[in-house]
Amino acid sequence: MAEMGSKGVTAGKIASNVQKKLTRAQEKVLQKLGKADETKDEQFEQCVQNFNKQLTEGTRLQKDLRTYLASVKAMHEASKKLNECLQEVYEPDWPGRDDANKIAENNDLLWMDFHQKLVDQALLTMDTYLGQFPDIKSRIAKRGRKLVDYDSARHHFESLQTAKKKDEAKIAKAEEELIKAQKVFEEMNVDLQEELPSLWNSRVGFYVNTFQSIAGLEENFHKEMSKLNQNLNDVLVSLEKQHGSNTFTVKAQPSDNAPAKGNKSPSPPPDGSPAATPEIRVNHEPEPASVATPGAALPKSPSQPSEASEVAGGTQPAAGAQEPRETAASEAASSSLPAVVVETFSAAVNGTVEGGSVAGRVDLPPGFMFKVQAQHDYTATDTDELQLKAGDVVLVIPFQNPEEQDEGWLMGVKESDWNQHKELEQCRGVFPENFTERVQ
């Protein structure tokens, strides 16, 4: 019996709901056709418009805030990858490695903290703010339905009262239904009339708090990030100062059959350095016979075997005859150096200088002219250039082909390389004159 009763109540409730829907539909049709008047409340309609606008703006703000957070997350990942790359390329023996790693860790923590605070102070607040809209929207829709029920009950009661044949029982019942419908509608209407304006006004404080939170978090984040970036910059500046001389320029290497170098322009040394304006000083006064003139090769002594006899085991050239390489060196010097230097060099090759004979120097490369000392580091950018460190001594020799010499460049071999190998082909190379200073 209880089961039957339960089924009967359920069936009755369904039938009642269906009847209400039919009555509402009929009432709306009559109102649209102008055959039934509709209760209007312009003030409430304005509140509903404001509510819909506020919901649209809040939904858009929530969407854009989520996009912003996704961008922060992406920037965090990109920054993390960039710092990982720096940690990988930062070699263990470079100064500041530990500092750079610590900065990278703090950078990662700062991004995580920034993202989490945005979630807590902006996104969650946004979700709470929008969480109240669905319930109010549902109540607004329900109020609309109750208003239709009220208008329908009012029209039914009025039609019974104006009928020619009045049925007092029906009129009393219709009046009872009208009072009930009016009471339900007014209760919901009063609540919404109070809540909607309050909700509309709350948007100002919510927008202020939300954007203040975002702005404050961004300000603190960028301040802390600026400090980290400054610390990283200081570490890299220190690295540059200590290892600046080890910076190499990446350049394609020429092939073995590449044409001779032409129009080479030497890199300028630091401003104000003594090597910025190179000067060749030549002693015009004759030297005593026992003192070697700077830049002049001393003639071989009788007790020393000639270089030709040492290498080939042959006989010493006749007196007054020049070896082929000495002749070539003399011609090269005459076309690439000042006249006074050429004269001194030629005399040295022939074994004589004004004022007497000069002692031979077999420990210097053939065609040696003078010595220079590097005043600055120079990084070679091609295979035929010398790599210089400040303090290196270079033995200057003439170009094999004078036409290959470019202005501001000299040919030579580092003294340390010559003393070790005694091979010009392996050790000689060109270098910028303005990076060096003549020493003798």
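1. Lys223 and Glu219 both sit in helix H5, four residues apart, or about one turn of the helix. Helices here are DSSP runs of H or I with at least four residues, strands are E runs of at least two, and both are numbered from the N terminus. The two side chains form a salt bridge at 3.6 Å, N to O. The term requires a side-chain nitrogen of Lys or Arg within 4 Å of a carboxyl oxygen of Asp or Glu. Lys223 is partly exposed at 47% relative accessibility, and Glu219 is partly exposed at 44%. Buried means under 20% relative accessible area, exposed over 50%, and partly exposed in between (1.4 Å probe, protein chains only).

2. On provenance: this is a predicted model, in which local features need pLDDT of at least 70 and side-chain atom pairs count only at pLDDT 80 or more, while totals for chains, interfaces and linings use all residues. Residues are numbered from 1 along each chain as its sequence is written, and side-chain values use heavy atoms, with hydrogens and water left out.

3. The salt bridge between Glu415 and Lys371 has its closest N and O atoms 2.8 Å apart. This pair links distant parts of the chain, 44 residues apart: Glu415 belongs to helix H9 (residues 415-421) and Lys371 to strand E3 (residues 370-374). Glu415 is partly exposed at 22% relative accessibility, whereas Lys371 is buried at 13%. Salt bridges with shared partners also join Asp135, Arg139 and Glu195 into one network. The count of salt bridges is 13. Side chains of opposite charge can pair when their charged atoms come close.

4. The largest nonpolar core has 36 residues, of which Phe51, Phe114, Leu118, Met126, Ile136, Ile140 and Leu196 touch the most other members. Helices H2 (42-89), H3 (97-131), H4 (133-161) and H5 (168-243) each supply at least two residues of this core. Such a core is a set of buried Ala, Val, Leu, Ile, Met, Phe, Trp, Tyr and Cys residues joined through side-chain atoms within 4.5 Å. Leaving out residues up to four places away in sequence, Phe51 touches Phe133, Ile136, Lys137, Ile140, Leu196 and Leu199. A second, separate core of 24 residues includes Tyr378, Leu386, Leu424 and Val430.

5. Asn107 lies in helix H3 and is buried, at 7% relative accessibility. Which residues does Asn107 contact, leaving aside its neighbours within four places in sequence? They are Ser79, Asn83, Met225 and Leu228, where contact means heavy atoms within 4.5 Å.

6. For the whole protein chain, there are 10 helices and seven strands. Of its 440 residues, 34% count as buried. Among contacts between residues at least 6 apart in sequence, 74% join residues at least 24 apart. The accessible surface of the chain is about 27,500 Å², with 52% belonging to carbon and sulfur atoms. Accessible areas were computed by the Shrake-Rupley method with a 1.4 Å probe; for residues, only the protein chains shown count as cover.
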